[in-house]
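Subject: Structure for your review

Dear colleague,

Here is the structure I said I would pass on. My notes on it follow below.

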Amino acid sequence: MGKPTGFLEYKRETNTDVPVRERIRNFREFHIPLPEDKRREQGARCMNCGVPLCQSAMKLSGMVTGCPLHNMIPEWNDQIYNGHDQHAFSRLIKTSDFPEFTGRVCPALCEKACINGEYGEPVTVHDNELYLIEQAFSKGYLKPRIPKVRSGKKVAVVGSGPSGLAVADQLNQRGHLVTVYEREDRIGGLLMYGIPNMKLDKSVIYRRWKFMEEEGVAFRTGVNVGVDVQAKDLLKEYDAVVLCCGAKQPRALQGADPDRVGGVYYAVDFLTATTRSLVDAGLENGKWKTPASRDVDTFLATKEYISAHGKNVVVVGGGDTGNDCIGTVIRHGCKSVTALEMMPKPPAERAPSNPWPEWPKTLRTDYGHEEATELFGCDPRIYETTVKELHTDKKGNLREIVTVKVSFDQNRKMNFVEGSEKTLPCELLLIAAGFTGCQKYTAEAFGVELTNRGVVKTAEDEYKTSADRVFTAGDMHRGQSLVVWAVTEGRKCARQVDEYLMGYTNLRES
């Protein structure tokens, strides 16, 4: 522990943000890193606890607190304080395959478990992690790790989201020959097309893509397994197949069918269209042509996206996806944006029944909410409310919606509150109500069983499916979840695949 009194001497300082009215003029990442001396102070705030809950991933009251990857956080925080960034990174990379992703989009379960957060402010673990990986790339001490010996075993990974990439990374390091199949034109899954560029710059994904290719992983994009390539052919060519296709079946909203009503879209389709248009217009070989490629004016001129420009937008559903929709429609130049959430508004502070180190069930205001408040003068969220009716024009395009307050009985059955209806102008309705499991066709092609939750069935804590030589990981296995959980699942699955192929394994889960 380099600075025993660091947590007393230094206050928590996070990466700063570009002001709202400046950052909404483009799709660039808007977090500004701290100067190096300030970053060292943030590392010094770590108490090097005897029992570091930040890396525990404990389940308390049905919720996980602490890092699922079991990152050795106190060790690398101490090294950051002492100026040993390369050594700090060497500890981080032992448990985390892609800190550049989690350091940007993870909600930081580690920080919620930090003991500094019991009575004060937790350590900036999230920002410290991102600092280490970006230092490693920029200073060149992260170099391709090319296996010296190959096992001769071949593995196909279907899906290139965070779980598929983690499986591929681990099995490649073990010496197996790994090919990743991706149905989209670019790798990354929801990292690429589900998360907006201002939250995760797509050049970061390209950078990792090329890095993994240098290490020996093969990628085949634009190949839809189960359609373009048959399952039997993959099983004939490879010793094992791992399904990491995500949980991409969107939850429908009753009476709001995107195929029947103009102006109604699933959030993931809306976000995908925006990012695809942005990347097609400005990203070549993993680098942006010019900074203007990510500016709003340049983007709007492409016209190859689902436009929110000049429209009254309603987003149904909270969570990260709903927030990302808010931030995106603001950059489109929407006329207004409203977010409907069925659940009650969370408290600003922890309730007595929700003590540290449990995950805090408190109000979270993210960048999209902040931007909408700045532009339109109020928080866009309306709680305990859903859509009751849609009204369209003569052409079948949405023009307004009727909202209604909801309540839940003891059996958690939702009921409308009589007399609470309100009419809102709305030309664009985005459904961000989550997902109901995987899209079934790939699972059916391999003959694997699904659960009643729409995900691939396995034994508890196992990744082997009901089909011979077929494994699964990530959201396709556990359901809609966080990037950090997808990476964790990928690592655990890779370990079981390796043991199946070799009879033993020396891969570490985390």
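Asparagine 48 has a relative accessibility of 34%, so it counts as partly exposed. The model is a predicted one. Asparagine 48 sits in the loop that links α3 (36–44) and β3 (58–60). Its phi is positive, about 50°, although asparagine 48 is not a glycine.

Lysine 303 also has a positive phi, near 65°, again in a residue other than glycine. The loop that holds lysine 303 runs between α14 (296–300) and β12 (312–316). Lysine 303 counts as exposed because its relative accessibility is 69%, and the cut-off for exposed is over 50%.

Proline 357 belongs to the loop between β13 (336–341) and α16 (367–376).

Now the chain as a whole. The secondary structure of the protein chain amounts to 19 helices and 20 strands. Its radius of gyration is 23 Å, close to the 24 Å given by the globule rule for 510 residues, so the chain is as compact as a globular protein of that length. The C-alpha trace spans about 65 × 60 × 55 Å along the principal axes. Of the 510 residues in the protein chain, 54% are buried. As for contacts between residues at least 6 apart in sequence, 68% of them join residues at least 24 apart.

Next, a pair of helices. Two packed helices are described by the angle between their axes and by the distance between those axes. For α13 (residues 267–282) and α15 (residues 319–332), the angle is about 45° and the axes are 10 Å apart. The crossing in which α13 passes α15 is left-handed.

Which residues of α13 and α15 meet? On the α13 side they are Ala267, Phe270, Leu271 and Thr274. On the α15 side they are Thr321, Asp324, Cys325, Thr328, Val329 and His332. By type, the residues of this contact divide into five nonpolar, four polar and one charged.

Helix α15 also contains asparagine 323. Is asparagine 323 buried or exposed? Asparagine 323 has a relative accessible area of 1%, so it is buried. Leaving aside residues up to four places away in sequence, asparagine 323 touches Asp366, Tyr367, Gly368 and His369.

Threonine 472 counts as buried because its relative accessibility is 0%. What does threonine 472 touch, not counting residues up to four places away in sequence? Its contacts are Val242, Leu243, Val456, Thr458, Tyr463, Thr465, His477 and Cys493. Threonine 472 and arginine 491 are 19 residues apart in sequence, and their C-alpha atoms are 11 Å apart in space.

Best regards

How values were computed: Residues are numbered from 1 along each chain as its sequence is written. This is a predicted model: local features need pLDDT of at least 70, side-chain atom pairs count only at pLDDT 80 or more; totals for chains, interfaces and linings use all residues. Side-chain values use heavy atoms; hydrogens and water are left out. Axes are lines fitted to C-alpha atoms, for helices over the stretch in contact, and angles run from 0 to 180 degrees between N-to-C directions. Helices (H or I, at least four residues) and strands (E, at least two) are DSSP runs, numbered from the N terminus. A crossing is left-handed if the near helix is turned anticlockwise from the far one by less than a right angle, and right-handed if clockwise. Contact means heavy atoms within 4.5 Å. Ala, Val, Leu, Ile, Met, Phe, Trp, Tyr, Cys and Pro count as nonpolar, Asp, Glu, Lys and Arg as charged, and the others, Gly among them, as polar. The radius of gyration is taken over C-alpha atoms; the globule rule is 2.2 Å times the number of residues to the power 0.38. Buried means under 20% relative accessible area, exposed over 50%, partly exposed in between (1.4 Å probe, protein chains only).
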